Amino acid sequence: MIVVTGATGNVGRPLVELLAAAGEEVTAVSRRPAGGLPAGVAHRQGDLADVDGLKGLFEGAEAVYLLVGGLGDELRPREIVAAAVACGVRRIVFQSSQVAGTRTDSVSHEVLRAFEAAVRDSGVAWTVLRPGGFASNAFLWAEPVRSARTVVAPFADVALPVVDPVDIAEVAAAALRDPAHAGRTYVLTGPVAVSPREQARALAEALGAPVEFVAQSAGEARAQLVRFLPEEAVDGMLSVLGEPRPEERRVSPDVERVLGRAPRPFSAWAERNAPAFA
Ligand SMILES: NC(=O)c1ccc[n+]([C@@H]2O[C@H](COP(=O)([O-])OP(=O)(O)OC[C@H]3O[C@@H](n4cnc5c(N)ncnc54)[C@H](OP(=O)(O)O)[C@@H]3O)[C@@H](O)[C@H]2O)c1
């Protein structure tokens, strides 16, 4: 049996579908009830912050997919990993972030680095996935595109190789099922760097309707984001988006190495998700 935490999120949902389609017995975990899971998939409500409760969730699992849903400040990585190992889990795949590797002093990625260290020290087979920015971050633009056919974003022409969450899910499924991925850390990106302005253009093409791009200053973006997120997280995010390091701009070969095909481009994500913007 494979336990997938974060099962209702951008990566967890397609991951559960892929594993179920491959005939795996899957337990999908999230704090809230989940609808729309494939037939035969068991859903269990659980909170990674409740380590004692995790023992009941991990019991009988061969492999666990772990991800941090929110900021994760309340989580105790070593205790969570120890709970999985104590339950007999033999393989742990952890969804981290590329930034955990490129900015080792980033305060907002401390929790991810602590999880990485905990799974590497766990004594069981582990794989760490370090995705770059998700294509699905463009869902932030869904409402303004629906209501005003407008995308408002900073760093209009700074291009990054955003990754499709379905590609992350496919790599995750491979790592959960195949011991050949044990001991590996994979950086996951899309096939080409694409700027916010180019992403808006891809959305317009997918919709078959014009979408206006309105450039926002970094200060305006910051003022908007600090209403929802801690300042250090916002500053870290804006630094990656506005002043990416060379390795953050680079296309990684790892999706293709694992899946034997190129990663999906942003345009494919836009076409698949166009109904959310229509
Ligand atoms: N977005 C990006 O560009 C990006 C880039 C690199 C790495 N990442 C990393 O990816 C992760 C987010 O992945 P995602 O986008 O697939 O997730 P997501 O769409 O934000 O969904 C989060 C999932 O985790 C569950 N969850 C949240 N807190 C939980 C808890 N305490 N216990 C159990 N389940 C919990 C949520 O359901 P409930 O709320 O019902 O529990 C939901 O299923 C973060 O660690 C982030 O740092 C993101």
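Biologist: How many nonpolar, polar and charged residues form the shell around the ligand?
Modeller: This is a predicted model: local features need pLDDT of at least 70, side-chain atom pairs count only at pLDDT 80 or more, and totals for chains, interfaces and linings use all residues. Residues are numbered from 1 along each chain as its sequence is written, and side-chain values use heavy atoms, leaving out hydrogens and water. Ala, Val, Leu, Ile, Met, Phe, Trp, Tyr, Cys and Pro count as nonpolar, Asp, Glu, Lys and Arg as charged, and the others, Gly among them, as polar. The shell has eight nonpolar, 13 polar and three charged residues.

Biologist: Which residues are closest to the ligand?
Modeller: A residue is near if one of its heavy atoms lies within 4 Å of the molecule. In total, 24 residues surround the ligand. The closest are Thr8, Arg31, Asp47, Val68 and Asn137.

Biologist: Which side chain has an N or O atom 2.9 Å from a ligand oxygen?
Modeller: A polar contact pairs N or O atoms within 3.5 Å. Asp47 reaches a ligand nitrogen at 2.8 Å. Asn137 reaches a ligand oxygen at 2.8 Å. The side chain at 2.9 Å belongs to Asn10.

Biologist: How much of the ligand's area does the protein bury?
Modeller: Areas come from the Shrake-Rupley method with a 1.4 Å probe. Alone, the ligand exposes 920 Å². The protein buries 83%.

Biologist: At what angle do α3 and α5 cross?
Modeller: Helices are DSSP runs (H or I, at least four residues), numbered from the N terminus. Axes are lines fitted to C-alpha atoms over the stretch in contact, with angles from 0 to 180 degrees between N-to-C directions. The axes of α3 (residues 77-86) and α5 (residues 110-120) come within 8 Å. They cross at roughly 35°.

Biologist: Which residues of α10 meet α9?
Modeller: Contact means heavy atoms within 4.5 Å. From α9 come Ala218, Ala221, Arg222 and Leu225. Their α10 partners are Glu231, Val234, Asp235, Met237 and Leu238.

Key
A polar contact is a pair of N or O atoms within 3.5 Å; within protein, one must be able to donate a hydrogen and the other to accept it, and residues adjacent in sequence count only if both atoms are side-chain atoms. Helices (H or I, at least four residues) and strands (E, at least two) are DSSP runs, numbered from the N terminus.
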